[in-house]
Amino acid sequence: MTTSATGTGIASLTVSGTGFIAEIAYQGATLLSWRPVSADGSGGENLVDGYSTPAEMQSQNGVRNGILAPFSNRILDGRFSFAGQTHRIEPVLAHEALVFHGFARALPFVLAQSSEENGTHTLIFRAEISPADFSGYPYRLAIEVEYRFVGRDVTIDIRGINRDGRPLPFAAGWHPYFRLPGTTSIDDLLLTLPSRTAIETNEYLIPLRNPQGGLLKRNDTLFLHTPLAGHVVDACFTDLIASANGLYETRLENPHDGSSLTIWQERGHMHVFTGDTLARDRRRSIALEPVETPTNAFNQTELADAITLQPGETRSFRFGVRFKAAR
């Protein structure tokens, strides 16, 4: 493992082993690149379309590969009530107009632990939030991000640790952008989602409620196995269907050569964004985002227990990616 500001120019570390080489930025514990390595040791293409320059990372355009915590996606007007108190969070960065995707992406993380055993490389990054750090979130919270690399698989575990003397709201997610070797557009790829249901939203991507007070959903079987060409998507899919192994698995596949990425998660939802509004390389990659809760979860009363982290409690959200090479 090496620490550097080379390549992208972003302060980061590089870790490599049998089957992979990866680069992780200290800001946000953000994965910048993850490349399969062939049997002869040569590096392949970056499969996660991360930030390419320090300026791009500071802009946070597209929140490329961002760790989402202590909330994912948007909070309507930044307002929420928790434990009988009303709060208003300001936009995370000064140039942003909306409250979205949490604070972790802007935090400086430190490498708390690094180890290698039997070909598995494990890195644990840690950051702390204090009550005065972010207006509207007056809590003391530790966030850990664990990366585990082995061969052509990576497992990520986001942990929220309540360091406060009272309960706090916490939910996690990941905002990765994926592509496959030898392709220049997601239009060449197939998407297979383990879901027949999407959450209906308004024009600001805030979930709508049905007359009974629950989330308004629609039947949506389009992406059970569908080419991405011609589809513009920014939606959260829910009621995920487990595979035989008990995991929820989303697959991105190149039908021409059989290469694929499988994004798995233990629970939660899958938000899909086809990248049509990115500042660069639109539809060059696709965001397939495992999220613990839907958008605006801090304002959904039925999720109160799911987002509550008790004093001293640690909660984990675990997911990962597997790469299958071309036939």
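**Pockets and backbone features of the predicted model**

The lining of the second largest pocket comprises nine nonpolar, one polar and four charged residues. Here Ala, Val, Leu, Ile, Met, Phe, Trp, Tyr, Cys and Pro count as nonpolar, Asp, Glu, Lys and Arg as charged, and the others, Gly among them, as polar. The model is predicted: local features need pLDDT of at least 70, side-chain atom pairs count only at pLDDT 80 or more, and totals for chains, interfaces and linings use all residues. Residues are numbered from 1 along each chain as its sequence is written, and side-chain values use heavy atoms, with hydrogens and water left out.

The second largest pocket has a volume of about 210 Å³. Its lining is made up of 14 residues. Ile75, Asp77, Ala97, Leu98 and Val99 lie nearest its centre. A pocket is an open set of points, on a 1 Å grid over the protein atoms alone, where a 1.4 Å probe fits, with protein on both sides within 12 Å along at least five of seven lines; lining residues have an atom within 4 Å of a point. Grid points are joined across faces, edges and corners, and a volume is the space filled by probe spheres set on the points.

The largest pocket has a volume of about 550 Å³. It is lined by 25 residues, the closest to its centre being Arg74, Phe100, His101, Phe273 and Thr277. Its lining has nine nonpolar, 11 polar and five charged residues.

Phe170 sits in the loop between β12 (168-169) and β13 (173-175). Strands (E, at least two residues) and helices (H or I, at least four) are DSSP runs, numbered from the N terminus. Phe170 counts as buried because its relative accessibility is 1%. Buried means under 20% relative accessible area, exposed over 50%, and partly exposed in between (1.4 Å probe, protein chains only). Beyond four places in sequence, the contacts of Phe170 (heavy atoms within 4.5 Å) include Ala69, Pro70, Leu141 and Phe298.

Ala69 and Pro70 are joined by a cis peptide bond, with omega about 5°. Pro70 lies in the loop between β5 (66-68) and β6 (79-82). Most residues other than glycine have a negative phi, and most peptide bonds are trans.

Asn65 has a positive phi, near 60°. This residue is in the loop between α1 (54-59) and β5. Asn65 is buried, at 0% relative accessibility. Asp239 also has a positive phi, near 50°. Asp239 is placed in the loop between β19 (234-238) and β20 (248-253). At 41% relative accessibility, Asp239 is partly exposed.
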